[in-house]
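Here is a short walk through one protein model. Keep the sequence and the 3D view side by side as you read.

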Amino acid sequence: MNYEDLMLRVIKKAGQFKYTTKPNPVVGAIIFKENEVISEGYHEMYGGNHAEINAIEEAQKHHGKKFQDFSELTLLCTLEPCSHVGKTGSCAEFIVQAGFKKIIIGAIDPNPKVLGRGIKILKDNKVDVEIGLYEDLIEKQNKFFFYKHKNNKPYITVKIASSLDGKSHYNNNKKTFITSESSRNDVQLIRAKYDAILTGGNTLRNDNPKMNARVNFSVNQAKKILLTQKPFDKNLNFFKNASVDIFKITNLNKIINSYQKSEICSILVESGPKLVNAFLNEGIVNELIIYTSEKELGKKGINWFDKDNAVESYGFKLESTCKIDTDTKEIFIKDE
Ligand SMILES: NC(=O)c1ccc[n+]([C@@H]2O[C@H](COP(=O)([O-])OP(=O)(O)OC[C@H]3O[C@@H](n4cnc5c(N)ncnc54)[C@H](OP(=O)(O)O)[C@@H]3O)[C@@H](O)[C@H]2O)c1
């Protein structure tokens, strides 16, 4: 069988589960014998079976019919099988016990709990292991997971809506809709991708935002993070059906570093200018998404930035731009 074709097939299918596996990576596995595919398996939801286990359990249904012994079969998976016993058992041990003699792995798992240990278990048990096939695609597919483990910190994106004259809101402590309904729907899709959504005390109190992903498909809703030293009403929308971490400190590096050992791989910051500028000044933002409307707020509006070329001076480069109704959406990335 053509390994490239099989790998592309499982990478593509694994992607279908990205909203329900997060903050875990998406993983796909396929089991084949000579020119026949025996089974496929995917990591479909957080806390559920890993892809290899699902593929092996599926293959077991054909035991004695399509094959007599697992040693006749080859297992191909996008990510290195895990070595640690977490919510499920160690996949590498399970593969050895099943009796496989050959395995093809797309990319090494960057999680320090694994990072080659799964491969070692396989090799120590005389399984023939081939490593490295479309690693770039697998890393791209699991961008936040790889970033977190390679850099030991979550990927941080700031999302803002700006008027044409660069303002965030009116100076009246009231919620201001700047962008179109289509842009706000687009924001729902962005929220669906992130592991956590962070805001500040003023946005919480002034806007009473829900900040969940209101989409028409299954999604693991993001953890919420609130930074405030002042009192707030626990009945506000932000707290409904959500797990919320509240920080009374203002040291952003300390707050972000507290997620080093957690499963959170990505954080979306949705706040007003004070917190957004504090994040940008710390230099800890990887991506900036700006929706700009044709509307102007004028003199009563609060500026997002003090300088005209703030985004570029923080080191961001324009990655993409598109129109959403009459709004413009721009994505800026900072090279590390
Ligand atoms: N256009 C948009 O995209 C958009 C998005 C969100 C919000 N907004 C608007 O923004 C307004 C609020 O903006 P804002 O700039 O006044 O407030 P903000 O950025 O939403 O929140 C600032 C608050 O965050 C807390 N904080 C904790 N650590 C901080 C740090 N290191 N630096 C700065 N703040 C820190 C403090 O809360 P405590 O004072 O409670 O301790 C601070 O007052 C809202 O009224 C909302 O309408 C606009």
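Predicted model: local features only at pLDDT ≥ 70, side-chain atom pairs only at ≥ 80, totals over all residues.

Start with the open sheet. Eight strands build it, in the order β10-β9-β8-β11-β6-β12-β15-β14. The pairing is mixed. At the edges sit β10 (244–247) and β14 (316–324), and each of these pairs on one side only. From one strand to the next, the twist averages 20°.

Strand β6 covers residues 155–162, and strand β12 covers residues 287–292. The two run in the parallel sense and pair over six bridges.

Helix α9 gives the largest share, five residues. Which residues come nearest to the ligand? Of the 26 around it, they are G200, G201, N202, G272 and K274. By class, the shell has 13 polar, eight nonpolar and five charged residues.

Finish with helix α8, residues 181–193. Its 13 residues reach 19 Å from the first C-alpha to the last. That is close to the 18 Å expected at 1.5 Å a residue. Which residues of α8 are buried? They are S183, V187, R191 and A192. An α-helix has 3.6 residues a turn, so residues three or four places apart point the same way. Look along the helix with that spacing in mind.

How values were computed:
Residues numbered from 1 in each chain as written. Pairing = 2+ DSSP bridges. Helix = DSSP H or I, 4+ residues; strand = E, 2+ residues; numbered from the N terminus. Axes fitted to C-alpha atoms, helices over the stretch in contact; angles between N-to-C directions. Near = placed C-beta within 6 Å. Nonpolar A, V, L, I, M, F, W, Y, C, P; charged D, E, K, R; others polar. Expected span 1.5 Å × (residues − 1). Buried ≥ 20, exposed ≤ 12 C-beta atoms within 10 Å, placed from the backbone.
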